[in-house]
Amino acid sequence: MGVLDAFGSLASAIIAAIVLLVFAILSVFITVFVVDVAAAIGGLDPDDGFVVLGATIIAAAAILAGGSGFATPEEK
């Protein structure tokens, strides 16, 4: 039964990784839209590369900040 449990945990980890990757891609798309609209409101016209760069930095910071609380070691 140990081999089946190992394959089950492997399958669940792969599914979780795929779901997290999809959510990360969606958050970058939404953040690109937000940064583009914010630049238009501010009267700026940046190149598309700078909009994508700013959006990816913001999305990466949000993803890292959201996951940083789970890495605390347990106290004995």
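Reader: Of the 76 residues of the protein chain, what percentage count as buried?

Author: Buried means under 20% relative accessible area, with a 1.4 Å probe and protein chains only, and 8% of the 76 residues count as buried. This is a predicted model, in which local features need pLDDT of at least 70 and side-chain atom pairs count only at pLDDT 80 or more, while totals for chains, interfaces and linings use all residues. Residues are numbered from 1 along each chain as its sequence is written, and side-chain values use heavy atoms, with hydrogens and water left out.

Reader: How many helices and strands are there in the protein chain?

Author: Helices are DSSP runs of H or I with at least four residues, and strands are runs of E with at least two, numbered from the N terminus; the protein chain has two helices and zero strands.

Reader: Which residues of α1 are buried, and what do they pack against?

Author: An α-helix has 3.6 residues a turn, so residues three or four places apart point the same way. In α1 the buried residues are T31, V35 and A39, and they pack against α2 (48-67).

Reader: How are two packed helices described, and at what angle do α1 and α2 pack?

Author: The description uses the angle between their axes and the distance between the axes. Here α1 and α2 pack at about 130°, with axes 8 Å apart, which makes α1 oblique to α2, since angles under 35 degrees count as roughly parallel, over 145 as roughly antiparallel, 65 to 115 as roughly perpendicular and the rest as oblique.

How values were computed
Buried < 20%, exposed > 50% of the residue type's maximum accessible area, 1.4 Å probe, protein only. Contact = heavy atoms within 4.5 Å. Axes fitted to C-alpha atoms, helices over the stretch in contact; angles between N-to-C directions.
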